[in-house]
Amino acid sequence: MKFSKIILVAALLLVQFGFAQEKADVVLNKALTQAKAENKNVLLVFHASWCGWCKLMEKNMELPTTKLLFDKNYVTAYLDVQERGEKKSLENPGGQELMNKYKGETAGLPFWLMLSPKGEVLADSFDAKGENIGSPASPEEVASFLVKLEKTSKLNKAEIQTIQKVFVKKN
């Protein structure tokens, strides 16, 4: 009986550790390694489960018309930050500290970076005024996003226009 209790406790601990989020630096290093191997840049997105704008950005990036374009040009990695209450366990340990390191502590979500395979910041989600465009939706925000995509990818004009059509919010 005692032995079965020990096995049960061990099994529960293994299950709990299995669901623990990866540390932020592990997620980032995996993405950088993959980017180097595939000759791409990294699109690192800080997001949270409660964030509607985060969900919109992910949805826009995952559509059949855009997913291939992002996948062809970037290794995309997501870090969960700023979760609340019972969802706090969804956070990647060290994610908020990493976001702060890149000047995102007061930016809001989503906050994203485009990094070289060496980890150098090529672009971030701040516009020319220093405001976080997050999930770009207005024509101005999308234009700023597209400039950053052009600078950090091999997307052609037609591909950029495809992304523009998806991201500009229709009223």
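Helix α3 (residues 52–62) lies across β1, β2 and β3. Its direction runs at about 160° to β2. Contact here means heavy atoms within 4.5 Å. Angles run from 0 to 180 degrees between N-to-C directions, with axes fitted as lines to C-alpha atoms, for helices over the stretch in contact.

This is a predicted model: local features need pLDDT of at least 70, side-chain atom pairs count only at pLDDT 80 or more, and totals for chains, interfaces and linings use all residues. Residues are numbered from 1 along each chain as its sequence is written, and side-chain values use heavy atoms, with hydrogens and water left out.

**Overall fold**
- The chain holds seven helices and four strands. Both are DSSP runs numbered from the N terminus: helices are H or I with at least four residues, strands are E with at least two.
- Along the sequence the pattern reads α-α-β-α-α-β-α-β-β-α-α.
- Of the 171 residues in the chain, 42% are buried, meaning under 20% relative accessible area with a 1.4 Å probe, protein chains only.
- Among contacts with a separation of 6 or more, 64% come from residues 24 or more positions apart.

**The sheet**
- Four strands make an open sheet with mixed pairing, in the order β2-β1-β3-β4. Two strands pair if DSSP finds at least two bridges between them.
- The edges are β2 (74–80) and β4 (121–124), and each pairs on one side only.
- From one strand to the next, the twist averages 20°.
- Strands of a sheet pair through backbone hydrogen bonds, either parallel or antiparallel.
- β1 (residues 41–47) and β3 (residues 111–115) pair in the antiparallel sense over five bridges.
- L43 has M114 in β3 as its bridge partner.
- Helix α6 packs on the sheet and touches β1, β2, β3 and β4. The direction of α6 makes about 25° with that of β3.

**The α6–α7 pair**
- α6 (residues 139–152) packs with α7 (residues 157–167) at an angle of about 150°, and their axes are 10 Å apart.
- The two helices are therefore roughly antiparallel, a label for angles over 145 degrees.
- α6 passes α7 in a right-handed crossing: the near helix is turned clockwise from the far one by less than a right angle.
- On the α6 side, the residues are V142, F145, L146, L149 and E150; they meet K157, I160, I163, Q164 and F167 in α7.
- The residues of this contact divide into seven nonpolar, one polar and two charged. Ala, Val, Leu, Ile, Met, Phe, Trp, Tyr, Cys and Pro count as nonpolar, Asp, Glu, Lys and Arg as charged, and the others, Gly among them, as polar.

Definitions and conventions. Parallel < 35°, antiparallel > 145°, perpendicular 65-115°, else oblique. Buried < 20%, exposed > 50% of the residue type's maximum accessible area, 1.4 Å probe, protein only.
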